Amino acid sequence: MAPARKVSDFHREGNDWFCTAGLPSDIVVSVQEVNFHLHKFPLISKCGKIARAYEESQNTHEGTFTTALEEFPGGGETFLAVAKFCYGFRVEFTARNVVFIYTAADYLEMTDDYGEDNLLSKSENFFHKDVLRNWKDCILALQTSELVIKMAEKLQIINKCLDALSMMVCTDRSLFGWPMMMYGSLQSPNGSILWNGINTGARIRTSESDWWFEDISCFSVNLFERLIKKMQVKGIRPENIAGAIMHYAKKYLPGLSRWQSVNTRSVTSFVDQRELLESISELLPEKKGKTFCRFLLGLLRVALILGVSEKCKDCLERRIGMQLELATLDCLLIPAYSDSDALYDTDCVERIIYYFISSDPKLTSFSPSSLDIESSPSSGPLRKVAKLIDSYIAEVASDVNLKPGKLLSLAEALPESSRSLHDGLYRALDIYFKVCTRPYSKAHKNTMFM
């Protein structure tokens, strides 16, 4: 039932909203310290929650009915749109406001039981038929959902948007007008794409492009992590997953900017950065590559600064060790961030070497006589690593605070047969003895050279 006179508009006076119905208000709804002076019949005919509250107050209430809507999604601006709908105004749905209106309609129980084509069904239809078909609209809807996350989770808004986005990444962008999760699975048993249950014959393909990296980097760590996991389930190639994660990390971890030329947007604190890095380390796919290895070493450097968990640090060191032959000396020179007087974290590098050796079973059971470096399939990577580590030892040998035991541990970390020549080690030891302030006898030096 509507007021007797036509409502022409709503107007605001300070923290109070009024409608120009020409009738005195008989209900006041408070939303986040904003008061809406309205009429009960338009509201109780559309909103189950308000109707029930009004009925329960009849025995104890006289005059103007007042109610407060706690934790109302979208605040006063959204309730104004809801109120206008109750008075017969048309609601203009957009990707930015639909989540607020959808959750508000659910909060107020604006189902079709309280009027045909009520606001809940209208907003639900717009969300499924318009938002889930469009990449940018899905992005905007997800950003809004983070502000009303509990209610958005209840209505499956977040899951549906994430499913739609992950599917769009798998398909050609020209198909973005297709319906997404509202029609269920988009794949037939033979793997082709379905539209309204019809086999189109088109195949899901993986894009080589990075066009979507920046778009999804606007999400919080939680949403980004959930989206990446859905993409992994969809079968998106590891290199594309890795590219998206690298882009996200470079954007929010300022410590990576030294190694990567990218505009970095720092998160608020060390704690937030540590949580971000630990989440990222768990998402990383099993991938090898020079760029990826450099990224992992940069990530490890930041991880040591932030004091991440042992699990996270171990994960990064293991991943680097599995592709150590692709590393470069400048990235391997990780500063010692602990209380140690040494300039470089040689313990960390020694652990990485251990993971490199462990990654190949043929290297874990070596002996100088049993390993044929020429015929072994691992000879190429092993020689590269040996050359890299010799260069590393030569570089850290100039540190006057480096203890001889650390130097020897690095030199002995690789199999003896990994080096056809030992010139690199001799050079490193020569540098060490030139800068070292400790007195060593000639016999001691000869022993170390042997």
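Is Asp130 buried, partly exposed or exposed? The points below take up this question and then turn to other parts of the structure.

1. This is a predicted model, in which local features need pLDDT of at least 70 and side-chain atom pairs count only at pLDDT 80 or more, while totals for chains, interfaces and linings use all residues. Residues are numbered from 1 along each chain as its sequence is written, and side-chain values use heavy atoms, with hydrogens and water left out.

2. Asp130 lies in the loop between helix 5 and helix 6 (135-145), where helices (H or I, at least four residues) and strands (E, at least two) are DSSP runs numbered from the N terminus. Its relative accessible area is 37%, so Asp130 is partly exposed (buried means under 20% relative accessible area, exposed over 50%, and partly exposed in between, with a 1.4 Å probe and protein chains only). Leaving aside residues up to four places away in sequence, Asp130 touches Asn125 and Asp137, contact meaning heavy atoms within 4.5 Å. Asp130 and Thr94 stand 36 residues apart in sequence, and their C-alpha atoms are 9.2 Å apart in space.

3. Ser123 belongs to helix 5 (residues 119-129), and because its relative accessibility is 0%, Ser123 counts as buried. Its side chain reaches the backbone oxygen of Leu119 at 2.9 Å. When residues up to four places away in sequence are not counted, Ser123 touches Phe93, Val98, Ile101, Tyr102 and Ala105.

4. Strand 1 (residues 10-13) pairs with strand 2 in the antiparallel sense over four bridges, two strands being paired if DSSP finds at least two bridges between them. Phe10 has Cys19 in strand 2 as its bridge partner, and in the hairpin of these strands, with two residues between them, Gly14 takes a positive phi near 65°. Strand 2 (residues 16-19) has a covered face, made of Trp17 and Cys19, and an uncovered one, made of Asp16 and Phe18. Strand 2 also pairs with strand 4 (residues 34-38), in the parallel sense and over three bridges, and there the bridge partner of Trp17 is Phe36 in strand 4.

5. Helix 18 (residues 379-396) and helix 19 (residues 404-412) pack at an angle of about 170°, with their axes 10 Å apart (axes are lines fitted to C-alpha atoms, for helices over the stretch in contact, and angles run from 0 to 180 degrees between N-to-C directions). Helix 18 and helix 19 are therefore roughly antiparallel to each other, a description given to angles over 145 degrees. Ile389, Tyr392, Ile393 and Val396 in helix 18 meet Leu407, Leu410 and Ala411 in helix 19.

Conventions
Parallel < 35°, antiparallel > 145°, perpendicular 65-115°, else oblique. Polar contact = N/O pair within 3.5 Å; in protein donor to acceptor, adjacent residues only side chain to side chain.
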